[in-house]
Amino acid sequence: MKRMISPSLMCADFMNLGDELKKLEKGNIEYLHVDIMDGVYVPNYTLGTDFVKRLHAATDIPLDIHLMIDEPTAKLDWFELCEGDYVSVHYESCTHIQRALNLIRERGARPMLALNPGTPLTVLEELMPYIDGVLIMTVNPGFSGQKLVTSTLGKITRCRELLDRNGYTEVDIECDGNVSFENAKLMKEAGANIFVAGTSSIYSKADTLENNLARLRAAIG
Ligand code: DX5
Ligand code: ZN
């Protein structure tokens, strides 16, 4: 499966976002990860609907919109969605998760189911026909700069097995949270193929964005 990088824009340098976007385009980045938080489903606020619109206008890179909001079904209409965009919704955030996933498909985007570290994989069983991807949270959502919940590595492996066993070999597995250069390698070996890159890798202050990007590409092979 193609291995892809999705930079977490909440970690970007907002004072220089235009320049950074150009660098990401030059680096052939596959997705742009946009964290939407509502202070209810997760205890934080980040990016929003206008930012999504501005990004669509500024770049052809598809968006990977991560909704960490309560009852996203009623709010999907607020978002401009383009063909090729991923939209992920958390299992616990919706009363009717299948309806939410379906609605994303109807809007022309690609549905992804997000699972917190404590959410069992069994919830995936009924939802495999409705998704293009699974977002395995490798930290609890809400904040950047957290430490990997190590049990999620085995979960990635079991998720890949479950999908493949049921014939969903094309469904992507994305991992989000503490995707460091070292952890990315372990996540790749476990079976993940989309890597959310935040402060642990490409936005690490220890080196330039270009060098960090090259290092992450090398780590995911
Ligand atoms: C939350 C975010 C974060 C974060 C990842 O959904 O996507 O997990 O920006 O970056 P790290 O964990 O490397 O700071
Ligand atoms: Zn995220």
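Predicted model: local features only at pLDDT ≥ 70, side-chain atom pairs only at ≥ 80, totals over all residues.
Let us begin with charged side chains. Side chains of opposite charge can pair when their charged atoms come close. In this structure there are 8 salt bridges. One of them joins Glu-30 to Arg-217, with 3.2 Å between the closest N and O atoms. To find the two partners, look in distant parts of the chain: Glu-30 sits in the loop between helix H1 (17-26) and strand E2 (32-37), while Arg-217 belongs to helix H6 (residues 209-220), and 187 residues separate them. Arg-217, at 25%, counts as partly exposed.

Arg-215 and Glu-182 form a salt bridge through their side chains, at 3.7 Å from N to O. Here too, distant parts of the chain are linked: Arg-215 lies in helix H6 and Glu-182 in helix H5 (residues 181-190), 33 residues apart. With a relative accessible area of 46%, Arg-215 is partly exposed.

Arg-160 and Asp-164 both belong to helix H4 (residues 151-165), where 4 residues, about one turn of the helix, separate them. Their side chains meet in a salt bridge with an N to O distance of 3.0 Å. Arg-160 is buried at 11% relative accessibility, whereas Asp-164 is partly exposed at 34%.

Now turn to the nonpolar residues. The largest nonpolar core has 64 residues, and those touching the most other members are Leu-9, Leu-24, Leu-32, Leu-67, Leu-124, Val-134 and Met-187. Helix H4 gives the most to this core, with 5 residues. Leaving aside residues up to four places away in sequence, Leu-32 touches a list of residues including Leu-9, Leu-21, Leu-24, Leu-55, Ile-61 and Leu-63. Its contacts also include Ser-6, Thr-59 and Asp-64.

Finally, consider the spaces in the structure. The largest pocket holds about 180 Å³ of space. Its lining is made of 16 residues, and nearest its centre lie Asp-13, Glu-20, Ile-202, Tyr-203 and Leu-209. Helices H1 and H6 are the elements that give two or more residues to this lining. By class, the pocket lining has 7 charged, 5 nonpolar and 4 polar residues.

How many cavities of 30 Å³ or more does the structure hold? There is 1, and the largest cavity has a volume of about 200 Å³. Among the 24 residues that line it, Ser-8, Phe-143, Ser-144, Asp-176 and Gly-177 are the closest to its centre. Strands E2, E3 (63-68) and E8 (194-197) each supply at least two residues of the lining. The classes in the cavity lining are 11 nonpolar, 11 polar and 2 charged residues.

Terms used:
Residues numbered from 1 in each chain as written. Chains lettered and ligands numbered in written order. Heavy atoms only, no water. Salt bridge = Lys/Arg side-chain N within 4 Å of Asp/Glu carboxyl O. Buried < 20%, exposed > 50% of the residue type's maximum accessible area, 1.4 Å probe, protein only. Core = buried A, V, L, I, M, F, W, Y, C linked by side-chain atoms within 4.5 Å. Contact = heavy atoms within 4.5 Å. 1 Å grid on protein atoms, 1.4 Å probe; cavity = no way out; pocket = protein on both sides within 12 Å on 5 of 7 lines; lining within 4 Å. Points joined across faces, edges and corners; volume = space filled by probe spheres on them. Nonpolar A, V, L, I, M, F, W, Y, C, P; charged D, E, K, R; others polar.
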